[in-house]
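I opened this entry to keep track of what I looked up, pocket by pocket and residue by residue.

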Amino acid sequence: MSILEVAEQSVPFALNLNAKFRNTQIRTGALISGSSGWGEFAPFPEYSDEVSAKWLAGALEAAFGTYPAKLRNSIPVNSIIPILDVAQTISVVESAIKDYGMTTFKVKVSDLSQESLQSDELRVQAVRSTMDRLGIAGKIRIDVNGQWSVTQAIQAIQILDQAAGGLDYVEQPCATIPELIELKHAMQKWEHPIQIAVDESLRTSVKIDVPGIQTAADILVVKSIPLGGVQRALDLVREIGLPAVVSGSLDSSVGLSSGIALAASIPQLYGACGLGTGNLFAQDLVTPTTLPTNGELPVRRATPDAHLLASSAAHVSASDRLWWQERIVRSWHSGAKDLVSPSVREAVEQ
């Protein structure tokens with residue numbers, strides 16, 4: 001099999017989301033079938049071929065490779081709260097607690113509007129008040145996606161920490177590692193400094209600054225497919241040596257299997273992982289959708305339902321299908337072939 005054949009046999013999909021996420025309500029990607037199962041290739045449309053190469057390596061690992069040995073049989077997960085209004089936020093928190101047993105909440109903040117911080121404060125307060133009303137003494141995290149300057153972060157973290165009744169951590173408050181280090185130094189003067197978690201500093205860096213991350217961060221947020229697969233992500237966690245939380249990349253239940261395998265293999269798992277994202281999807285490729293029970297997910301691989309996959313593929317135009325096929329080939333030659341294991345490369349280059 002050649003990479004061209006892999007691309008031609010891939011199945012592009014389009015799935016509706018329940019709410020806008022990353023400015024879209026449709027999740028697109030392509031599934032790749034191989035000797036080991038199914039892999040998901042779904043880098044966001046704006047990502048370069050060089051960045052997409054890592055996603056392809058992760059998808060090919062799932063399709064043709066092997067995962068590291070698992071250390072646990074289930075994974076605790078958090079609920080992700082998109083930027084919603086207060087009433088919607090309350091509804092999502094209630095559902096996460098009552099329907100899925102989740103007690104840790106990661107709240108997306110900073111929509112870049114002038115009223116963002118005020119809105120974020122009300123939303124975080126709504127999460128905590130709903131937890132209190134339902135008798136849940138859980139944790140609240142915030143995810144900034146690198147949108148704040150150091151000055152903005154110093155102000156906003158204190159406000160949102162109070163609104164949360166204490167934040168578990170703040171994820172990627174600033175875009176660059178020097179900014180994160182400056183912020184961390186500033187917080188040392190506080191009575192209770194807030195832990196800093198890094199995501200984009202790992203995921204989108206062409207060359208990962210391991211010493212800088214070790215200085216700037218307390219926690220790693222790792223995503224298996226965007227980092228090139230489970231084994232590569234696990235190797236990176238071991239190299240950096242910080243506690244880690246595994247998060248998804250807005251994956252279908254098929255792609256989520258990769259993140260679950262990573263969370264199962266990390267020795268120093270910090271806590272609840274961002275893998276309880278199935279409820280973000282109005283449609284999925286698996287029946288039933290991978291969703292937590294009592295706040296945990298079982299460690300297992302998901303296989304697409306043939307009818308659901310065919311139905312989703314029918315919503316992809318011929319031109320978009322060709323675009324995904326060409327993107328797979330470009331991503332392979334833009335670096336994926338150098339990231340995969342020798343056995344995966346042999347399977348693809350036969």
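**Pockets**

I started with the lining of the largest pocket, which divides into 12 nonpolar, 9 polar and 10 charged residues. The model is predicted. I noted that 31 residues line this pocket, and that Phe21, Arg22, Asn23, Lys108 and Asn145 lie nearest its centre. Its volume came out at about 710 Å³. I then looked up which elements contribute: β1 (11–21), β6 (104–108) and α7 (200–203) each supply at least two residues of the lining.

I went on to the second largest pocket, with a volume of about 370 Å³. Of the 18 residues lining the second largest pocket, I listed Lys54, Ser205, Val206, Arg232 and Leu339 as the closest to its centre. I found that α2 (49–64), α9 (230–240) and α12 (318–339) each give at least two residues to that lining. By class, I recorded 8 nonpolar, 5 polar and 5 charged residues in the lining of the second largest pocket.

I took Lys106 next, in strand β6. Is Lys106 buried or exposed? I count Lys106 as buried, because its relative accessibility is 3% and the cut-off for buried is under 20%. Leaving out residues up to four places away in sequence, I found Lys106 touching Asn78, Ser79, Ile80, Ile81, Arg141, Asp143, Glu171 and Ser247.

Glu171, one of those contacts, lies in strand β8 (residues 170–171).

**Backbone entries**

Asn145 is in the loop between β7 (139–143) and α5 (150–164). I read its phi as near 55 degrees, a positive value in a residue other than glycine. Asn145 counts as partly exposed, because its relative accessibility is 29%.

I found a positive phi at Gln172 as well, about 40 degrees, and Gln172 is not a glycine. I placed Gln172 in the loop between β8 and α6 (177–187). With a relative accessible area of 0%, Gln172 is buried.

I looked up the peptide bond from Thr287 to Pro288 and noted it as cis, with omega near -5 degrees. Pro288 lies in the loop between α10 (253–265) and β12 (296–298).

For another proline, I located Pro243 in the loop between α9 and β11 (244–246). Pro243 and Pro267 are 24 residues apart in sequence, and I have their C-alpha atoms 8.8 Å apart in space. Not counting residues up to four places away in sequence, Pro243 touches Asp218, Ile219, Leu220, Gln268 and Tyr270.

**Helix packing**

At what angle do α3 and α4 pack? I have about 35 degrees for helix α3 (residues 86–100) and helix α4 (residues 116–133), with their axes 9 Å apart. From α3, I listed Val86, Thr89, Ile90, Val93, Glu94 and Ile97; they meet Leu122, Arg123, Ala126, Val127, Thr130, Met131 and Arg133 in α4. By class, I recorded 8 nonpolar, 2 polar and 3 charged residues in this contact.

Definitions and conventions. Residues numbered from 1 in each chain as written. Predicted model: local features only at pLDDT ≥ 70, side-chain atom pairs only at ≥ 80, totals over all residues. Heavy atoms only, no water. 1 Å grid on protein atoms, 1.4 Å probe; cavity = no way out; pocket = protein on both sides within 12 Å on 5 of 7 lines; lining within 4 Å. Points joined across faces, edges and corners; volume = space filled by probe spheres on them. Helix = DSSP H or I, 4+ residues; strand = E, 2+ residues; numbered from the N terminus. Nonpolar A, V, L, I, M, F, W, Y, C, P; charged D, E, K, R; others polar. Axes fitted to C-alpha atoms, helices over the stretch in contact; angles between N-to-C directions. Contact = heavy atoms within 4.5 Å. Buried < 20%, exposed > 50% of the residue type's maximum accessible area, 1.4 Å probe, protein only.
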